[in-house]
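This report describes selected strands and loops of one protein model. Please consult the sequence and the structure shown here.

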Amino acid sequence: QVQLVESGGGLVQAGGSLGLSCAASGSIFSINAMRWYRQAPGKQRELVAAIPSGGSRNYADSVKGRFTISRDNAKNTVYLQMNSLKPEDTAVYYCSALIRGLGDYYDRNYWGQGTQVTVSS
């Protein structure tokens with residue numbers, strides 16, 4: 001069984017910073033792309049940032065220059081460093097990862113439980 005566990009959300013003032021982390025655990029053979037999404041109240045879930053196992057990172061236009069996604073493959077963990085936060089960044093943040101479990105023939109997409117980020121003005 002594979003599990004993603006997030007941590008690091010909270011309340012911060014506009015202009016502040018927060019860091020999120022998401023650790024994958026369980027019977028893992030390999031991890032491909034890792035991503036962060038967010039969902040604000042009344043809005044659809046949107047992709048915030050993505051990092052493949054190799055290659056360039058991608059960001060939503062709304063967070064370019066402010067957010068940084070990174071990963072530690074040895075720890076099966078993806079991070080999201082969020083700087084210069086704005087009230088419109090308020091949302092539940094979810095991590096997802098394409099993971100091949102031991103004995104699997106293909107990757108499956110797994111989701112974390114979500115963590116609340118609230119930015120006050």
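In which strand does serine 96 lie?

## Basis of the model

The model is predicted: local features need pLDDT of at least 70, side-chain atom pairs count only at pLDDT 80 or more, and totals for chains, interfaces and linings use all residues. Residues are numbered from 1 along each chain as its sequence is written, and side-chain values use heavy atoms, with hydrogens and water left out.

## Serine 96

Serine 96 belongs to strand β9, residues 91-101; strands (E, at least two residues) are DSSP runs numbered from the N terminus. Serine 96 is buried, because its relative accessibility is 1% (buried means under 20% relative accessible area, exposed over 50%, partly exposed in between, with a 1.4 Å probe and protein chains only). Not counting residues up to four places away in sequence, its contacts include Leu4, Met34, Tyr37 and Trp111 (contact means heavy atoms within 4.5 Å).

## Pairing of strand β4

Strand β4 (residues 28-39) pairs with β9 in the antiparallel sense over 9 bridges; two strands pair if DSSP finds at least two bridges between them. Isoleucine 28 is opposite glycine 101 of β9.

β4 also pairs in the antiparallel sense with β5 (residues 46-51), over 5 bridges. Arginine 38 has glutamate 46 of β5 as its bridge partner. The hairpin of β4 and β5 has 6 residues between the strands, and glycine 42 in this hairpin takes a positive phi near 80°.

## Positive phi in two loops

Most residues other than glycine have a negative phi. Asparagine 76, not a glycine, has a positive phi of about 50°. This asparagine 76 is in the loop between β7 (67-72) and β8 (77-82) and is partly exposed, at 25% relative accessibility.

Serine 84, also not a glycine, has a positive phi of about 50°. Serine 84 is located in the loop between β8 and β9 and is partly exposed, with a relative accessible area of 41%.

Technical notes. Helices (H or I, at least four residues) and strands (E, at least two) are DSSP runs, numbered from the N terminus.
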